[in-house]
Protein chains: 2
Amino acid sequence: MLTISRLAREAGVNVETIRYYQRRGLLAEPVKPLGGIRHYSHADVSRVLFIKAAQRIGFTLDETAQLLNLDDGMHCQEARAIAEHKLEMVREKLADLQRIEAALSQLVGRCEASRGKVSCPLIDSLQPTRDDESA
Amino acid sequence: MLTISRLAREAGVNVETIRYYQRRGLLAEPVKPLGGIRHYSHADVSRVLFIKAAQRIGFTLDETAQLLNLDDGMHCQEARAIAEHKLEMVREKLADLQRIEAALSQLVGRCEASRGKVSCPLIDSLQPTRDDESA
DNA sequence: ATAGAGTCCGTACCCCACTACGGAGTCAAG
DNA sequence: CTTGACTCCGTAGTGGGGTACGGACTCTAT
């Protein structure tokens, strides 16, 4: 069982961040033993680490809250709809990242050989294939 | 050749956003023909689309500016150092996304079958493998 | 020649995700 | 039983990434 400051330290965030996540509903506030001090578990550490990881890959706190709800368990119909939507987002991000990865690693490779100026077709790597809108 | 508002429309952003990116140095300001109006190219559209895609996968504008520098071309030594660093970030994000993808698609699969409550080990999917810190 | 739409530029404002601060309470060590 | 570190809670401030606004200018179309 951890105090709030240990939870924060183990998760690599500020104490205030924990309290902020509680206000936002991403983290439950443990019951306070009548005028005392709240206790946290290692599951809370994992939860905060997850939130931080989700943010790094571009999810907002609201989106992350939805992911956490899926983890917490909910009824199938709802869960499935949300999961499918998130899955779509995830796959788009994944595809973009893979294209960036390819472009960057090519650049590194070219740099190994050449000794002048080099550039990297990064911008092109992420252009939407325009089958749609022909304006 | 485009006006600023067409550039903005084609890239799906606000005119003010274009000007903001110029101030931040992510987009060059085309020369203004003496008391006239600036013109933009389709390359600028691509550039803005790239910025937006980079943001979706969790890069800040400063990081995105670095990626754009790589695209613009720079000297090998510098380029390579930056590219390798970004590549590392990209691969971490990729790994996290792949883990989330696996967890989500499992959840969707389970939902197909069951009809009660389901949950999804999302949090666990992103836990850092703790070889380090043994406190 | 003038109306209306668009541009230019500066400044101010907004939302999100924190982060800091301050006063009151708690708790363990000396 | 006091001191010092920590907790609790509310409220205020910060930085990133825009967004809005307003006045002067410019560029067509009529």
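Me: Which residues in α3(A) do A:L7, A:E10 and A:A11 in α1(A) meet?

Reply: The model is predicted: local features need pLDDT of at least 70, side-chain atom pairs count only at pLDDT 80 or more, and totals for chains, interfaces and linings use all residues. Residues are numbered from 1 along each chain as its sequence is written, while chains are lettered from A and ligands numbered from 1 in the order in which they are written. Two residues are in contact if their C-beta atoms, placed from the backbone, lie within 7 Å. By that rule A:L7, A:E10 and A:A11 meet A:D44, A:V45, A:V48 and A:L49.

Me: How do the residues of this contact of α1(A) with α3(A) divide by class?

Reply: Ala, Val, Leu, Ile, Met, Phe, Trp, Tyr, Cys and Pro count as nonpolar; Asp, Glu, Lys and Arg count as charged; the others, Gly among them, are polar. The contact of α1(A) with α3(A) divides into 5 nonpolar, no polar and 2 charged residues.

Me: What is the orientation of α1(A) and α3(A) to each other?

Reply: Axes are lines fitted to C-alpha atoms, for helices over the stretch in contact, and angles run from 0 to 180 degrees between N-to-C directions. Helix α1 (residues 4-11) and helix α3 (residues 42-56) of chain A pack at about 45°, their axes 9 Å apart. Angles under 35 degrees count as roughly parallel, over 145 as roughly antiparallel, 65 to 115 as roughly perpendicular and the rest as oblique. The two helices are therefore oblique.

Me: Is the crossing of α1(A) past α3(A) left-handed or right-handed?

Reply: A crossing is left-handed if the near helix is turned anticlockwise from the far one by less than a right angle, and right-handed if clockwise. α1(A) passes α3(A) in a crossing that is right-handed.

Me: In what order do the elements of chain A run from the N terminus?

Reply: Helices (H or I, at least four residues) and strands (E, at least two) are DSSP runs, numbered from the N terminus. Chain A has 6 helices and 2 strands. Their order is α-α-α-α-β-α-β-α.

Me: What radius of gyration does chain A have?

Reply: The radius is taken over C-alpha atoms, and the globule rule is 2.2 Å times the number of residues to the power 0.38. The C-alpha trace spans about 65 × 45 × 25 Å along its principal axes. A compact globule of 135 residues would come near 14 Å, but chain A has 21 Å.

Me: Is B:Y21 buried or exposed?

Reply: B:Y21 sits in helix α2 of chain B. Leaving out residues up to four places away in sequence, B:Y21 touches B:L26, B:L27 and B:I51. A residue is buried if 20 or more other C-beta atoms, placed from the backbone, lie within 10 Å of its own, exposed if 12 or fewer, and partly exposed in between. B:Y21 has 22 C-beta neighbours inside 10 Å, so it counts as buried.

Me: Is B:I37 buried or exposed?

Reply: B:I37 lies in the loop between α2 (15-24) and α3 of chain B. Its C-alpha atom is 7.7 Å from that of B:T3, 34 residues apart along the chain. With 9 C-beta neighbours inside 10 Å, B:I37 counts as exposed.

Me: How does A:R91 count, with 14 C-beta neighbours inside 10 Å?

Reply: A:R91 is placed in helix α5 of chain A. A:R91 and A:V45 are 46 residues apart in sequence and 27 Å apart in space, C-alpha to C-alpha. Its 14 neighbours make A:R91 partly exposed.

Me: Which residues in α5(B) meet B:Q66, B:L67 and B:L70 in α4(B)?

Reply: Helix α4 (residues 61-72) and helix α5 (residues 76-113) of chain B pack at about 130°, with axes 10 Å apart. That makes α4(B) oblique to α5(B). Their crossing is left-handed. The partners in α5(B) are B:A79, B:I82, B:A83 and B:K86.

Me: Which element gives the largest share of the side of chain B that touches chain A?

Reply: The contact takes 49 residues from chain B and 49 residues from chain A. The chain B side divides into 26 nonpolar, 10 polar and 13 charged residues. The largest share, 21 residues, comes from α5(B).

Me: How are α5(A) and α5(B) oriented to each other?

Reply: Their axes come within 7 Å and cross at roughly 155°. The crossing is left-handed. The two helices are therefore roughly antiparallel.
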